[in-house]
Every structure is written in C-alpha cells, then in structure tokens.
Amino acid sequence: MERVPILKIGDILLVSIQVDMSDQTAIQLQEDLAERIVATGCHGVIIDITALDIVDSFVGRMLSTIASISKVLDAETVVVGMRPAVAITLVELGLSLNGIRTALNVERGMELVAANRADEWDEAADDEGTETTATA
C-alpha cells in the first residue's frame with residue numbers, strides 16, 4: 001500500500017497527493033495526518049491535488065473528512081492546485097467541500113493559513129482585553 005507523504009513546513013503540514021486514492025490509502029492518510037497534527041501542534045494543513053486528474057465523490061468526501069478531523073484538532077485545511085476540470089466535476093457532483101478553503105497554489109494556501117492564524121490571534125487578544133476590563 002502506498003502512503004501519501006506529509007511534510008512539515010513551519011506550523012503547516014503539506015500533503016501532496018501523487019497517487020490514486022484507494023479506500024485504504026485514504027484511511028491511512030486520515031490516520032497519519034491526525035497523528036502528525038497532534039504530534040507537531042501544527043495549525044494548518046495544505047492538501048495539494050495538482051497531480052489529480054479526476055476527483056470523484058469518494059475523493060471529495062475524503063477531503064471533507066480530513067478537513068473535519070483537522071478542524072477538531074485545531075488545524076485549518078486548504079486544498080490547493082485544483083484544476084478547472086476538477087472544480088467543474090465537484091460542482092456537478094454537488095460536493096461543497098464544507099470546512100475546506102481553496103487556493104490556486106501552495107504559496108497562496110500558506111498565505112491563507114497565516115492570515116487565518118493572525119486573525120485568530122487578534123480575536124484572542126481582543127477577548128483577553130475584554131475579560132481583563134470586565135474583571136477590573
């Protein structure tokens with residue numbers, strides 16, 4: 001069975017899907033990714049699907065499941081490298097990919113994760129300021 005590589009870049013995990021996704025490969029990827037998120041404490045997952053010519057309903061569900069698992073573990077998921085034909089297929093299949101943000105390439109995906117993280121830090125700082133004021 002082939003495994004999908006998971007690379008750590010800063011506080012982001014980069015998953016580059018270069019193989020056809022069988023059921024077993026998808027399940028293994030979900031498990032491996034969940035373990036790596038916990039082990040590294042990363043806050044972003046970028047899934048590069050540039051090499052995929054076809055995304056069917058199975059792969060769409062797998063991406064949504066990975067995004068849900070990542071979110072529960074406090075990591076945002078961004079799918080990058082989607083070809084126009086793949087986007088059209090996903091829309092035609094009615095797959096909305098809930099919880100997944102998309103970007104054209106890895107660089108933009110990393111920018112999205114960084115911007116989201118900065119927004120969360122700002123919100124947390126605002127909340128702390130409010131709590132401090134309320135207790136004073």
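Predicted model: local features only at pLDDT ≥ 70, side-chain atom pairs only at ≥ 80, totals over all residues.

Entry 1, the loop residue. I looked up what Asp74 touches, skipping its neighbours within four places in sequence, and got Cys42, His43 and Arg117; contact here means heavy atoms within 4.5 Å. Asp74 sits in the loop between α2 and β4 (76-80). Buried or exposed, or in between? Asp74 is partly exposed, at 42% relative accessible area (buried is under 20%, exposed over 50%, partly exposed in between, with a 1.4 Å probe and protein chains only). I also checked Asp74 against Ile37: 37 residues apart along the chain, their C-alpha atoms are separated by 8.6 Å.

Numbering starts from 1 along each chain as its sequence is written, and side-chain values use heavy atoms, with hydrogens and water left out.

I read the elements from the N terminus on as β-β-α-β-α-β-α-β-α, with four helices and five strands. These are DSSP runs, helices being H or I of at least four residues and strands E of at least two, numbered from the N terminus. Buried residues make up 38% of the 136 in the chain.

How do α1 and α2 cross? The axes of α1 (residues 23-40) and α2 (residues 57-72) come within 10 Å and cross at roughly 15° (axes are lines fitted to C-alpha atoms over the stretch in contact, angles run from 0 to 180 degrees between N-to-C directions). That makes α1 roughly parallel to α2, the term for angles under 35 degrees. Among the residues that meet are Leu29, Leu33 and Ile37 in α1 and Phe58, Met62 and Ile66 in α2. By class, I have nine nonpolar, three polar and one charged residues in this contact (nonpolar is Ala, Val, Leu, Ile, Met, Phe, Trp, Tyr, Cys and Pro; charged is Asp, Glu, Lys and Arg; the others, Gly among them, are polar).

I searched for nonpolar cores, meaning sets of buried Ala, Val, Leu, Ile, Met, Phe, Trp, Tyr and Cys residues joined through side-chain atoms within 4.5 Å. The largest has 28 residues, and Val15, Ile17, Met21, Leu29, Ile47 and Met62 touch the most other members. α2 gives the most to this core, with five residues. A second, separate core of eight residues includes Ile46, Val78, Ala103 and Val113.

Terms used
Parallel < 35°, antiparallel > 145°, perpendicular 65-115°, else oblique.
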